[in-house]
Amino acid sequence: MLAVIKQGSAPGSTIYTDGLKQFTGLDDAGYRHVPRVQPVRKELRKGAKSVVPLADRAIGNLQQWLVGTHHGVGRHQLQVYLDEFVFRHNRRERPMAAFQTLLGLGTGRGPTIGNVIRGGLDLPQFPIMS
């Protein structure tokens, strides 16, 4: 771990970590090490200040979205829903992004002729009135 920090940080930099034992040699290596330990959930409920308040908010939003929208998900579905949540989160400031994506998908394909649509084997075959 120390090698990665040395490669990506200048000596004398302040390094904030979660206080794991792997970071104990940072002070000796010429860095200012500030370990931060997240209070346990019980203390947070009593009003203790979170070390990562924005991460707490994002995780809370994810939990509410999973329960409120999808009424919970299974372990095998979780990655797909996480991908969707991140996609929506990254585009929350630009509501036009969804329309632009839809427009991009529509313009990237050629037209689909009626015979192909009517020939779908998984669809009931109804005559199309013109």
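The legends below accompany several close-up views of a predicted model.

Residues are numbered from 1 along each chain as its sequence is written. Because the model is predicted, local features need pLDDT of at least 70 and side-chain atom pairs count only at pLDDT 80 or more, while totals for chains, interfaces and linings use all residues, and side-chain values use heavy atoms, with hydrogens and water left out.

**View 1. The chain as a whole, with its helices and strands.**
The chain holds six helices and two strands, where helices (H or I, at least four residues) and strands (E, at least two) are DSSP runs numbered from the N terminus. Read from the N terminus on, the elements follow the order α-β-β-α-α-α-α-α. Of the 130 residues, 12% count as buried, a word that stands for under 20% relative accessible area, whereas exposed stands for over 50% and partly exposed for values in between (1.4 Å probe, protein chains only).

**View 2. The paired strands E1 and E2.**
Strand E1 (residues 14-17) and strand E2 (residues 32-35) pair in the parallel sense over four bridges, and two strands are said to pair if DSSP finds at least two bridges between them. Threonine 17 stands opposite proline 35 in E2.

**View 3. The largest nonpolar core.**
Five residues, Ile5, Ile15, Phe23, Leu26 and Tyr31, make up the largest nonpolar core, which is a set of buried Ala, Val, Leu, Ile, Met, Phe, Trp, Tyr and Cys residues joined through side-chain atoms within 4.5 Å. Leaving aside neighbours within four places in sequence, phenylalanine 23 is in contact with Met1, Ile5, Thr17, Asp18 and His33, contact meaning heavy atoms within 4.5 Å. In soluble globular proteins, nonpolar side chains tend to be buried together.

Tryptophan 65 lies in helix H3 and, at 14% relative accessibility, counts as buried. Apart from neighbours within four places in sequence, tryptophan 65 is in contact with His70, Tyr81, Glu84, Phe85 and Arg88. The C-alpha atoms of tryptophan 65 and phenylalanine 85, which are 20 residues apart along the chain, are separated by 8.2 Å. Two of the contacted residues, arginine 88 and glutamate 84, meet through their side chains in a salt bridge (2.9 Å, N to O), defined as a side-chain nitrogen of Lys or Arg within 4 Å of a carboxyl oxygen of Asp or Glu. Both lie in helix H4, four residues apart, about one turn of the helix, and glutamate 84 is partly exposed at 27% relative accessibility.

**View 4. Histidine 71 in a loop.**
Histidine 71 lies in the loop between helix H3 (53-70) and helix H4 (78-90). Although histidine 71 is not a glycine, its phi is positive, at about 55 degrees, and the residue is exposed, with a relative accessible area of 69%.
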